[in-house]
Amino acid sequence: MHITECHIELAGYDDRLVRAGVSVYLHNLCRQFQAAGHQVTGLTAAHGLLPWLRGRYQVTDLGWRAYAAIPVRLDPQVWPGFPAEVVIPADVTAHQLRADGVDIVLLAGGPLDELPGCYYPAPGLEGRDLSFLKPLVFQVMATRFLRDLAPPGSVVHLHEPSYHYLMPAWRSAA
């Protein structure tokens, strides 16, 4: 079986990149699934760290690129001073590295390269900075990546529903 572990933070393969405990848990989960005989891929955002990663790992460009102009309606009560709808452009490429025998796919570009120091937007950015919408952009672009390249019969394992609520319909989007 092919399993894709998908999360906006999946950097537990390198202690210097860990920002929260879920990252280590997910990398160890990938390794456990692989040890049980499954083919496993981690799918995450590059968080602007692709140049740094290229200096430490063999990073392969996968030749996948997608562009999206993502329309987002903003609640005027939460986003005062912003238009009622914004369009977030995302021009994203896919790259892969291998760590501990696990393939990690990194989606890079646009909003996915923001916030390299923390990965997640701070709650205080809501209503003030569009980088708060980075998890939404990740969902859209990860879904497109999976639609285009996930092997047939793949199991996609999502974590933290507040960061992946759009993705369960990825198969029906194909």
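I looked up Cys 118 and found it partly exposed, because its relative accessibility is 35%, between the 20% and 50% cut-offs. The model is predicted, so I read every entry as a computed value.

Next I counted disulfides. The count comes to 0. Cys 118 is in no disulfide, and the nearest cysteine sulfur, that of Cys 6, is 19 Å away. I then checked Cys 6. Cys 6 is in no disulfide either. The nearest cysteine sulfur to that of Cys 6 belongs to Cys 30, 11 Å away. A pair must lie within 2.5 Å to count as a disulfide. Is Cys 6 buried or exposed? I noted Cys 6 as buried, because its relative accessible area is 0%.

Then I turned to cavities. I found 1 cavity of 30 Å³ or more. The largest cavity holds about 60 Å³ of space. Which residues lie nearest its centre? I listed Ala 11, Tyr 13, Ala 45, His 47 and Leu 106, out of 13 lining residues. I sorted the lining into 11 nonpolar residues and 2 polar ones, with no charged residue.

Last, I went to Val 24. Val 24 sits in helix 1, which spans residues 21-35. I logged Val 24 as partly exposed, because its relative accessibility is 33%. Leaving out residues up to four places away in sequence, I found Val 24 touching Gly 12 and Val 18. I also took the separation from Val 24 to Leu 149: their C-alpha atoms are 25 Å apart, with the two residues 125 residues apart along the chain.

How values were computed:
Residues are numbered from 1 along each chain as its sequence is written. This is a predicted model: local features need pLDDT of at least 70, side-chain atom pairs count only at pLDDT 80 or more; totals for chains, interfaces and linings use all residues. Side-chain values use heavy atoms; hydrogens and water are left out. Helices (H or I, at least four residues) and strands (E, at least two) are DSSP runs, numbered from the N terminus. Buried means under 20% relative accessible area, exposed over 50%, partly exposed in between (1.4 Å probe, protein chains only). Contact means heavy atoms within 4.5 Å. On a 1 Å grid over the protein atoms alone, a cavity is a set of points where a 1.4 Å probe fits but cannot get out, and a pocket is an open set with protein on both sides within 12 Å along at least five of seven lines; lining residues have an atom within 4 Å of a point. Grid points are joined across faces, edges and corners, and a volume is the space filled by probe spheres set on the points. Ala, Val, Leu, Ile, Met, Phe, Trp, Tyr, Cys and Pro count as nonpolar, Asp, Glu, Lys and Arg as charged, and the others, Gly among them, as polar.
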